[in-house]
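This report examines selected local features of a predicted protein model. The sequence and the structure are shown below.

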Amino acid sequence: MARLRRAGALTFVYRMNDDNEVEGVDLVLDVRDGEARDVLQLLGKPLPSGDVSEVRFSLELGRKNSGPDSLRVQTRSTLELMQLATHGIDVPAPDLVAGIAAGIAAGIAPEPTTASAAAFLRVQSSTTKPEDPFVAVQYRGSWFWVASNDLPSKSGFVAMQTLLQNCLHSDTPSRPQLTLPIR
């Protein structure tokens, strides 16, 4: 899916109503791309016939099977995203030994993830202050930071920060958050 997005063969677009309000989100696949056709087959969707260059699916939340023109997706919760973020943290060895934090090196890893759920945030640690971090904090004698030149981690940090601020400062009841990249 990521390769298709980078190649421009997969996009997400807002579906607008007559009042110019967002009604939903559609996934659009350029079926001239062979991998996009493979995705259709994996999803159990029919391949288009004729000169059709793209197919559009309405994204719907939930687990139940969808109709031919829609896709049901189940997004991750804020807690699940935070748990995924823990996979990219460099936990100091003394904290692992003391049992203060879990970590892969100590054999006490967070729940395993699937390939699609790889760590999206790398947090480095050291006993010395980093030279040029994007963001850094000192905690229990160690420094933790996101490197300035780590663009994926910077994006992951900002996304988590935005999501958490939205959850904490919302005046309206919380609703499911769409955690798919949207253009």
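Helix H3 spans residues 78-85, and its buried residues are Leu81, Leu84 and Ala85. These residues lie on the same side of H3, because they cover an arc of only 105° around the axis. The helix against which the buried residues of H3 pack is H5 (151-168).

Two packed helices are described by the angle between their axes and the distance between the axes. For H3 and H5 the packing angle is about 150°, and the axes are 11 Å apart. H3 is therefore roughly antiparallel to H5. The crossing in which H3 passes H5 is left-handed.

## Residues at the helix contact

On the H3 side, Thr78, Leu81 and Met82 take part in the contact; on the H5 side, they meet Met160, Leu163, Leu164 and Cys167. Classified by residue type, the contact of H3 with H5 comprises six nonpolar residues, one polar residue and no charged residues.

Threonine 78 belongs to helix H3. With neighbours within four places in sequence left aside, threonine 78 is in contact with Leu163, Leu164 and Cys167. Threonine 78 and leucine 163 are 85 residues apart along the chain, yet their C-alpha atoms are separated by 7.5 Å.

## Serine 58 in strand S3

Serine 58 is part of strand S3, which covers residues 54-61. Serine 58 counts as buried because its relative accessibility is 16%, and the cut-off for burial is under 20%. Not counting residues up to four places away in sequence, serine 58 touches Arg15, Val25, Asp26, Asp69, Ser70 and Leu71.

## Loop residues with positive phi

Most residues other than glycine have a negative phi. Asparagine 20, although not a glycine, has a positive phi of about 60°. Asparagine 20 is located in the loop between strand S1 (10-16) and strand S2 (22-30). With a relative accessible area of 60%, asparagine 20 is exposed.

Arginine 140 is not a glycine either, and has a positive phi of about 50°. The loop that holds arginine 140 runs between strand S6 (133-139) and strand S7 (142-147). Arginine 140 is exposed, its relative accessible area being 54%.

How values were computed: Residues are numbered from 1 along each chain as its sequence is written. This is a predicted model: local features need pLDDT of at least 70, side-chain atom pairs count only at pLDDT 80 or more; totals for chains, interfaces and linings use all residues. Side-chain values use heavy atoms; hydrogens and water are left out. Buried means under 20% relative accessible area, exposed over 50%, partly exposed in between (1.4 Å probe, protein chains only). Helices (H or I, at least four residues) and strands (E, at least two) are DSSP runs, numbered from the N terminus. The arc is that of the directions from the helix axis to the C-beta atoms. Contact means heavy atoms within 4.5 Å. Axes are lines fitted to C-alpha atoms, for helices over the stretch in contact, and angles run from 0 to 180 degrees between N-to-C directions. Angles under 35 degrees count as roughly parallel, over 145 as roughly antiparallel, 65 to 115 as roughly perpendicular and the rest as oblique. A crossing is left-handed if the near helix is turned anticlockwise from the far one by less than a right angle, and right-handed if clockwise. Ala, Val, Leu, Ile, Met, Phe, Trp, Tyr, Cys and Pro count as nonpolar, Asp, Glu, Lys and Arg as charged, and the others, Gly among them, as polar.
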